[in-house]
Amino acid sequence: TKEPLRAGCLQRDVLFQLQSIALPGDDVYAVSHSSIEPPEMRSMRQELWRHPSLWLERNDILVLRCCGREPLNSLNDASAWRRVVLMADDEERPHNVFDGGRNVAFSSQELGSVNVWEALCRRNHGSTSLLPWNPRPRQRKPLPDVDRFSVERCLKPANPPSPSELIAHGGSPFLLSNFSEVRASLQDLGSRRWRCSTQGELNCRCTADSLQKYSAVTTDDDPLVLFDHEDLPENLVIEPPACMKDDLLEDFASKTEELWRDAESGAAQLLGRERRWLVAGGRGAGSQWHRDPFWTSAYHCLLSGRKLWCFFAPAGAGCLPPGLIDEHSAPAADGWFREWEHLLRCSSELAVDGALAWCVQGPGDCVLIPPGLWHCTLNLEESVAF
């Protein structure tokens, strides 16, 4: 057979959808214009077009170039290579998504390539079977100029609140300056493989050294972020401020261990195992708009670097931060700031469904996040936080 599909590079549901409309002898053009589509086929087809040069033969690629703007644009999708590397269903990828993804290591040759992920993909899958791409080098995008942000919107440092003050504050964040003297950089995280993730829920494991070298050269729109809760070094664990020391989840978990010990649901993970996290990444890495799960509160202590925060207080039920269509479609943090940072330069609200605030967190500072507060972050420098 021709074997035009590299099945290992596709999600199973995408492969199934393609097979459900393709018949023996069909060419790419016929499949791409088929009117026999199962429900949700459009989104699956769009996902399929994102990395065609990895699963199609050279002749099919030449046909695909003539099939319309969407397939043509997908040939120049720089992030497609990363999705394929992290999605590849092979012996290195664990079956349980909670295991954190496949192991990734970058060689000096790959780090010097135009696209790190393309070079890594060619190494994993064999360069002879992949269509040459040779894109133009992407430039690293500038970070927001916080000096131009509105002073009126800036979150001012405050004294540690009492529990009643935190609750009575109406869901607003607190910035505590010089809260901790603990310091750590990526170089202090040792040689273990940490769980890293993208904002599209694709995970991998790599060393802090690999993450640091990748962060120094990447032009990804949403760079990898170290986000791990397993076996954290005790010297990096920061005790919570006094107003958050009464942890109801901790008390409940200690009395109900038999209920969550072997469960894999998100609630069980949070209740029993995932309440202390180490977060690290390079310049431009960050966290998209979100609210912490299950209406929990959090504190975030920066151990090194500088981090930009943005907060959104909705004007009413159902109101979302600017640029969001729904709660599950937030863009990458750096992309959001590039498109919407003009709102943070204005002292008055500009047709948004709530109030925006911002702050820059420095080493030793701690941000307190009350339940249900929308927030996103962006590293202005290489940063490590607990």
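1. Two strands count as paired if DSSP finds at least two bridges between them. Helices (H or I, at least four residues) and strands (E, at least two) are DSSP runs, numbered from the N terminus. With that in hand, look at strand 9 (residues 307–314): strand 9 and strand 10 pair in the antiparallel sense over eight bridges. Within this pairing region, phenylalanine 311 stands opposite alanine 357 in strand 10.

2. Before you go further, some ground rules. This is a predicted model, where local features need pLDDT of at least 70, side-chain atom pairs count only at pLDDT 80 or more, and totals for chains, interfaces and linings use all residues. Residues are numbered from 1 along each chain as its sequence is written, and side-chain values use heavy atoms, with hydrogens and water left out.

3. How confident is the predictor? The average pLDDT (the predictor's confidence in each residue, from 0 to 100) is 75 for the protein, and 64% of the residues score at least 70. Please be careful with residues 1–58, where the pLDDT is below 50; this stretch still has 97 contacts (heavy atoms within 4.5 Å) in the model beyond near neighbours in sequence. Residues 68–72 also have a pLDDT below 50, with six such contacts. Where pLDDT is low, the predicted coordinates should not be read in detail.

4. Four strands form an open, antiparallel sheet in the order 7-12-9-10. Strand 7 (286–290) and strand 10 (354–361) are at the edges and have a single partner strand each, so one side of each has no neighbour in the sheet. On average, neighbouring strands here are turned by 15° against each other, direction ignored.

5. What packs on this sheet? Helix 14 (residues 333–340) does, touching strand 7, strand 9 and strand 12 (374–379). The direction of helix 14 makes about 100° with that of strand 12; axes are lines fitted to C-alpha atoms, for helices over the stretch in contact, and angles run from 0 to 180 degrees between N-to-C directions.

6. Next, the interior. A nonpolar core is a set of buried Ala, Val, Leu, Ile, Met, Phe, Trp, Tyr and Cys residues joined through side-chain atoms within 4.5 Å, and buried means under 20% relative accessible area (1.4 Å probe, protein chains only). The largest core has 40 residues, and Phe106, Trp117, Leu189, Leu211, Leu226 and Leu278 touch the most other members. Helix 8 (residues 116–125) gives the largest share, four residues. A second, separate core of 20 residues includes Cys310 and Trp374.

Note on methods: Buried < 20%, exposed > 50% of the residue type's maximum accessible area, 1.4 Å probe, protein only.
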